[in-house]
Amino acid sequence: MQRLCVFCGSKSGDRPIYAEMATRLGEALVARGLGLVFGAGHVGLMGVVADAVLRAGGEAIGVIPQALVDKELAHGKLTELRIVDSMHQRKALMADLADGFAALPGGYGTGDELFEILTWAQLGMHHKPIGLLNVAGFFDPLLAWLDLAVRENFLRSRHRELLLEAADPNILLDRLLSYQSPGETSKWIDDTDR
């Protein structure tokens with residue numbers, strides 16, 4: 001792995017622990033020689049993780065639609081800034097530039113990015129590791145929903161296992177770096193699924 005794509009909020013949330021963990025993740029990336037790919041914003045947790053990477057001397061590549069550049073949301077001190085036409089192009093380019101993915105706390109955008117990349121993995125479109133940094137239990141309700149989806153036969157357990165998780169940035173990076181793809185996951189409907 002050379003670069004990790006981080007999905008996270010354009011807000012920092014109310015609890016200081018969110019920004020603290022975003023900073024720790026950025027520092028841990030650089031300590032392991034990994035670059036950052038992200039949504040290029042200077043605000044919220046996006047800005048926090050990018051600033052931590054840059055302060056530590058690491059690589060931070062941002063991908064942002066022109067419409068958000070026009071709103072002056074682009075981070076101005078990145079190693080590289082890629083400007084695209086749409087949110088769809090943004091997600092596709094971030095996926096192409098990264099060797100793995102991690103989500104930190106966030107809202108709709110973070111959820112959209114996380115679930116799109118999980119769906120691509122489920123369909124066999126990539127075999128890159130995907131993880132959640134579960135800061136202060138932020139993702140516990142989401143994880144409970146996924147586990148319920150498995151129990152109720154809406155999601156196969158092998159697809160649930162595509163999503164790694166940890167509460168500590170270094171443990172999450174260990175899991176992402178040691179990830180072994182389960183191989184073929186694209187058969188998500190068979191004769192037992194009616």
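**View 1. Lining of the second largest pocket in a predicted model.** By class, this lining has nine nonpolar, three polar and one charged residues (Ala, Val, Leu, Ile, Met, Phe, Trp, Tyr, Cys and Pro count as nonpolar, Asp, Glu, Lys and Arg as charged, the others, Gly among them, as polar). The model is predicted: local features need pLDDT of at least 70, side-chain atom pairs count only at pLDDT 80 or more, and totals for chains, interfaces and linings use all residues. Residues are numbered from 1 along each chain as its sequence is written, and side-chain values use heavy atoms, without hydrogens and water. The second largest pocket has a volume of about 260 Å³ (the space filled by probe spheres set on grid points, joined across faces, edges and corners). A pocket is an open set of points on a 1 Å grid over the protein atoms alone, where a 1.4 Å probe fits, with protein on both sides within 12 Å along at least five of seven lines; lining residues have an atom within 4 Å of a point. Of its 13 lining residues, F115, L118, Q122, L146 and L155 are the closest to the centre.

**View 2. The largest pocket.** Its volume is about 380 Å³. C8, S10, M46, R90 and G109 are the closest to its centre, of 23 lining residues. Helix α5 supplies the largest share, five residues (helices are DSSP runs of H or I, at least four residues; strands are runs of E, at least two; both numbered from the N terminus).

**View 3. Helices α1 and α2.** The axes of α1 (residues 16-31) and α2 (residues 44-55) come within 8 Å and cross at roughly 35° (axes are lines fitted to C-alpha atoms over the stretch in contact; angles run from 0 to 180 degrees between N-to-C directions). Contact (heavy atoms within 4.5 Å) involves residues including Y18 and A22 of α1 and L45 and V49 of α2.
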